[in-house]
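Thanks, everyone. Let me put the model up, and then we will walk through it.

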Amino acid sequence: MNANCELCFHHCQLAEGQIGFCRARMCRDGIVMPLNYGRLTSLALDPIEKKPLRRFRPRSLILSVGSFGCNLRCPFCQNHEISMASDGSIQTVDVSPEQLANKAAELIPRGNIGVAYTYNEPLVGYEYVRDCAAAVHDRGMVNVLVSNGTIEEQPWRELLPYLDAANIDLKGFTSAWYRRLGGDLDTVKRSIALAAEQCHVEVTSLLVPGENDSVEEIRALAQWLASVRQDIPLHLSRFFPRYQMQDRPPTPVERVYRLAEEARNWLNYVYTGNC
């Protein structure tokens, strides 16, 4: 039996036993199932600023978790070892939603405020994030999502009530660049706008030299973001050679600062990263 995955715009048509574009979802008995449910590749107690979130519970710590898989193909991915991994190609540890929520609660005395779903693309394991987020809220803690925002509207709306904060990657502001990454700009813009209605949102853009770092593009990005909410923090991050883009130089620091100044003409909070 075939099945259509409705989670993101790729809408993978999967035959029995076939795995989707994200490497984390599979057709089994005619139903699309997450392969990475409860299978963690990463677990760490991080500063909230590392997500990065600068205006949500500053100076807090948060239990950060990741699995495997991603529904984009960014050639500069900093976590490609897990985001581009598939079932059986990487070591995982089984952690149920209840176990994760209990672990988060145990860490409260150390300053933990909740759980951050991050490292790979957490939304390809949508069901696990949803179930964990409910359990974390039941214990009075917060949920933070670090995501590329590539999700369809209905599942996104269903998840948002469980989220207290999100950092969403806006990887550029042209449809052509997003197509090269295997993504869709309009989908991400919709995710940001909907999230801004329900939870704290910050946005990150990695500045890749010669690709998405023109003054005109950052101006357009900042203007659009300000039209959603002028107080959404924007993080402009410096690129370093990674993964399949090791032939590129790092973004010049002065370029990051120049683009941040441009963005500040439209937005209240603009931060520079990796400088």
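Start here: in which helix does Glu 216 lie? Glu 216 lies in helix α7, residues 215-228. Helices here are DSSP runs of H or I with at least four residues, strands are runs of E with at least two, and both are numbered from the N terminus.

Some ground rules. This is a predicted model: local features need pLDDT of at least 70, side-chain atom pairs count only at pLDDT 80 or more, and totals for chains, interfaces and linings use all residues. Residues are numbered from 1 along each chain as its sequence is written, and side-chain values use heavy atoms, with hydrogens and water left out.

Back to Glu 216. It is exposed, because its relative accessible area is 52%. The cut-offs: buried is under 20% relative accessible area, exposed is over 50%, and partly exposed is in between, with a 1.4 Å probe and protein chains only. The C-alpha atoms of Glu 216 and Glu 262 are separated by 9.3 Å. Along the chain, these two are 46 residues apart.

Next, the sheet. Two strands pair if DSSP finds at least two bridges between them.

Look at β7 (residues 61-66) and β9 (residues 112-117). They run parallel, joined by four bridges. Ser 64 stands opposite Ala 116 in β9.

Now strand β10, residues 142-147, where we find Ser 147. Ser 147 counts as buried because its relative accessibility is 1%. Its side chain makes a polar contact with the side chain of Glu 121, at 2.9 Å. That term means N or O atoms within 3.5 Å; within protein, one must be able to donate a hydrogen and the other to accept it, and residues adjacent in sequence count only if both atoms are side-chain atoms.

Last, the largest nonpolar core: 62 residues. Such a core is a set of buried Ala, Val, Leu, Ile, Met, Phe, Trp, Tyr and Cys residues joined through side-chain atoms within 4.5 Å. Trp 156 is among those with the most contacts inside it. Helix α3 (residues 126-138) gives the most to this core, seven residues.
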